[in-house]
Amino acid sequence: MRRTLAGHSACRGHTSLVDIDLGTFNIDASAARQALTPKAKAIIVPHLFGLSADLTELEALGVPIIEDCAQTLGATEQGRRAGSIGILTVCSFYATKLLCAGEGGMVLSRDESLLERVRRLREYDKTPSLYPGSTNLKMTDLHAAIGLAQLERLDSFLERRRWLAEEYRAALSGVGLVCQPCQPGTRTPTIDLSYASQILRPQRTDFTISSGALRREGSSAESRYFARSIAILGWTGSLLPRKQNGRHFPFHCSRH
């Protein structure tokens, strides 16, 4: 999300952040509806922690969608793959992502004119003239080769993550923690999760989680970048009360 915000700021666009749905930790479609103005050009939808946002509700707003699938490859909503709905989809293949190539990423679209513009922005060496804003940020052949090999194993990776998610739920049941996001068949029966991570949410205000204690048990856990995300724009937490409530985002437990 930090890079999404930083990239949009670099384009000198006006950004309106909206709050999340605490059941999914994804963008709240009703909040997005309230934030829309006639000048809105697109809604950037980061699908977080392996759970697709409510694309059906967001599509109904009538504004083009740009999907951020860095954490959600393999997830579905209403039987549709996350990343297959927006006019553009951005993927990341960094080491912590669902599909790891070491570094790099990919932009997907069915619109060839948009893809050609992305290609010009990605690499200026092969263009007949320098395109405004062009860079030299192409993915290396080595990283691409690793990514293709990993792609063949993606289904097994996702199955392993789902198994680990159930292990977390079983181990932490009855100790005052809720593992988020919610499971298929409960609040979001039409969404299939790919489980990029597991969020631990205390049910009691006096509950304290120790990252050190979790690490001693072999689970990598850390507080994440939620507060720093909106700092890029110089905003304060009061604008996004649900996102900034630290009690809802204590730890992000990786899955390996």
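In which loop is F49 found? F49 is found in the loop between β1 and α3; helices (H or I, at least four residues) and strands (E, at least two) are DSSP runs, numbered from the N terminus.

1. Basis of the note. This is a predicted model, in which local features need pLDDT of at least 70 and side-chain atom pairs count only at pLDDT 80 or more, while totals for chains, interfaces and linings use all residues. Residues are numbered from 1 along each chain as its sequence is written, and side-chain values use heavy atoms, with hydrogens and water left out.

2. Positive phi values. Most residues other than glycine have a negative phi. F49 is not a glycine, yet its phi is positive, at about 60°. F49 is buried, at 1% relative accessible area (buried means under 20%, exposed over 50%, partly exposed in between, with a 1.4 Å probe and protein chains only). Q78, also a residue other than glycine, has a positive phi near 55°. Q78 sits in the loop between β3 (76-77) and β4 and is partly exposed, with a relative accessible area of 46%.

3. The sheet. Four strands, in the order β1-β2-β5-β6, make up an open sheet with mixed pairing; two strands pair if DSSP finds at least two bridges between them. β1 (43-46) and β6 (105-108) are the edge strands, each with a single partner, so one side of each lacks a neighbour in the sheet. From one strand to the next the twist averages 15°, with axes taken as lines fitted to C-alpha atoms (for helices over the stretch in contact) and angles running from 0 to 180 degrees between N-to-C directions. Strand β5 (residues 88-92) and β6 run antiparallel and are joined by four bridges. V90 has V107 as its bridge partner in β6.

4. Cysteines. The model holds zero disulfides, a disulfide being a pair of cysteine sulfur atoms within 2.5 Å. For C91, the closest cysteine sulfur is that of C69, at 5.6 Å, which is too far for a bond. C91 is buried, at 7% relative accessible area, whereas C100 is partly exposed, at 21%.

5. Salt bridges between elements. Six salt bridges are present, each defined as a side-chain nitrogen of Lys or Arg within 4 Å of a carboxyl oxygen of Asp or Glu. One of them joins R33 and E57, at 3.9 Å from N to O. R33 belongs to helix α2 (residues 29-35) and E57 to helix α3 (residues 55-59), so this pair ties together parts 24 residues apart in sequence. Both side chains belong to partly exposed residues, R33 at 43% and E57 at 36%. Another salt bridge links E59 with R80, the closest N and O atoms lying 2.8 Å apart. Because E59 is in helix α3 and R80 in strand β4 (residues 80-81), the pair connects parts that are 21 residues apart in sequence. E59 is partly exposed at 38%, as is R80 at 24%.

6. R119 and E116 form a salt bridge, 3.3 Å from N to O. The two residues lie in helix α4 (residues 112-122), three residues apart, about one turn of the helix. Salt bridges that share partners join E112, E116, R119 and R120 into one network. R119 is partly exposed, at 35% relative accessible area, and E116 is partly exposed at 36%.

7. Helix α6. The 19 residues of α6 (residues 154-172) should span 27 Å at 1.5 Å a residue, and the end C-alpha atoms are 27 Å apart, in agreement; the expected span is 1.5 Å times one less than the number of residues. L154, F157, L158, R161, L164, A165, Y168, R169 and L172 are buried in α6. These residues cover an arc of only 145° around the axis, which places them on the same side of α6; the arc is that of the directions from the helix axis to the C-beta atoms. D155, A170 and A171 are exposed residues on the face turned away from the buried side of α6.

8. R153 lies in the loop between α5 (141-151) and α6 and is partly exposed, at 46%. R153 and L99 are 54 residues apart in sequence, with their C-alpha atoms 8.9 Å apart in space. Just after α6, G174 adopts a positive phi of about 85°.
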